[in-house]
Amino acid sequence: MEMEGQAIIVTGGASGIGKETVKQLAAKGASVVIADFNSEAAASLATEMDLADKVVSYKVDVSKAEEVEAMVHWTVEKFNTINGIFNNAGIGLVKPLLELDPASYHKVIDVDQHSVYYGIYYTAKKMVELGVKGTIVNTASIYGSIAALGSFNYNAAKAAVVMMTKSAALELSDYGIRSVGVAPGFIDTPILGDSDEAKEQLAQLHMRQQLIKPEQVANVVTFLFTDAANAVNGQTIPVDDGFLSFKTK
Ligand SMILES: NC(=O)c1ccc[n+]([C@@H]2O[C@H](COP(=O)([O-])OP(=O)(O)OC[C@H]3O[C@@H](n4cnc5c(N)ncnc54)[C@H](O)[C@@H]3O)[C@@H](O)[C@H]2O)c1
């Protein structure tokens, strides 16, 4: 199989976009670490997939540098290599700017932005040490290039992810490491909340008025990890049913 012998970490791998990516990478033969704060959900996904030692769960808080470093080391001990990371774990928190106290600001910046730096830094260092020409994929958002109301910190974090993706590509290309990203539109995952009415309103913002399924984002992420995407580097690919391409329909 195409990705046999490769070991990839998927952060936020227990749910939504991460979960579907775990399944697709494993289907291509990769060994996968389901890295998530929610260790119960991560463990039950590993059990459900039933691929013995090839798909394993790991509890991590990606907002903590030392935990991300330990996760990368653990992966190398477990699989004798590391070929990439999907920096995907994230949270949302909607609050108007005038109510955005420093603690609320930092909560999202720590999880959605700093985690991506930690993931890139520790994984790239290890891949360079091992001589692995791997791939880093980061989850940004449509709100990394345009602003959403009540999302000052989220918008800032996702814009940083877009630029970190480019900067890492520039710095790591000499080592044969690619850095790329995805910018999802509105994806039907738990992060959107429970309200069917709110989801329907978001769906209307897409060109074809439907929410995007998490597996549709995973399709693109999985492609980016493969050799078929070898010429894609530094870019963040929108997976947004055209959202960023039009103002009103
Ligand atoms: N769903 C959307 O509409 C949408 C749109 C654009 C971008 N995104 C981004 O996609 C990514 C994945 O989101 P999703 O929609 O699959 O949501 P989700 O809530 O289904 O999955 C997020 C996962 O991240 C994990 N997580 C959260 N904080 C963590 C931490 N500190 N350490 C480790 N794991 C942590 C959660 O436990 C969960 O399993 C996020 O970065 C999100 O910002 C989502």
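Select helix α1, residues 16-27. This helix lies across β1 (7-11), β2, β3, β4 (84-87), β5 (135-139) and β6 (178-184). Its direction is about 165° to β1. Axes here are lines fitted to C-alpha atoms, for helices over the stretch in contact, and angles run from 0 to 180 degrees between N-to-C directions. Helices (H or I, at least four residues) and strands (E, at least two) are DSSP runs, numbered from the N terminus.

This is a predicted model: local features need pLDDT of at least 70, side-chain atom pairs count only at pLDDT 80 or more, and totals for chains, interfaces and linings use all residues. Residue numbers start from 1 along each chain as its sequence is written.

Now select α7 (214-225). The axes of α1 and α7 are 8 Å apart, at an angle of about 50°. The two helices are therefore oblique to each other. (Angles under 35 degrees count as roughly parallel, over 145 as roughly antiparallel, 65 to 115 as roughly perpendicular and the rest as oblique.) α1 passes α7 in a right-handed crossing. A crossing is right-handed if the near helix is turned clockwise from the far one by less than a right angle, and left-handed if anticlockwise.

Show the residues where they meet. From α1, these include Gly16, Ile17, Thr21 and Leu25. From α7, they include Pro214, Val217, Val221 and Phe225. Contact means that the C-beta atoms of two residues, placed from the backbone, lie within 7 Å.

**The sheet**

Color the strands. Seven of them form an open sheet in the order β3-β2-β1-β4-β5-β6-β7, with parallel pairing. Two strands pair if DSSP finds at least two bridges between them. On average, neighbouring strands are turned by 20° against each other, direction ignored.

Zoom in on β2, residues 31-36. Five bridges join β2 to β3, and the two run parallel. Find valine 32: opposite it, in β3, stands valine 55. Next, select helix α2, residues 39-49. α2 lies across β2 and β3, at about 175° to β3.

**Methionine 127**

Go to helix α4, residues 102-130, and pick methionine 127. Buried or exposed? Methionine 127 is buried, with 25 other C-beta atoms within 10 Å. The cut-offs: buried if 20 or more other C-beta atoms lie within 10 Å of a residue's own, exposed if 12 or fewer, partly exposed in between, with C-beta atoms placed from the backbone. Leaving out residues up to four places away in sequence, methionine 127 touches Ile82, Val132, Gly134 and Ile177. Glycine 84 is 43 residues away along the chain, yet its C-alpha atom is 8.1 Å from that of methionine 127.

**Two positive phi angles**

Select glutamine 209, in the loop between α6 (196-203) and α7. Its phi is positive, about 50°, although it is not a glycine. Glutamine 209 is exposed, with 11 other C-beta atoms within 10 Å.

Then move to aspartate 241, in the segment after β7. Phi there is about 45°, again positive in a residue that is not a glycine. Aspartate 241 counts as partly exposed, with 19 C-beta neighbours inside 10 Å.

**Zoom out**

From the N terminus, the elements run β-α-β-α-β-α-β-α-β-α-β-α-α-β. Of the 249 residues, 43% count as buried. The C-alpha atoms fill a box of roughly 50 × 35 × 35 Å, taken along the principal axes.
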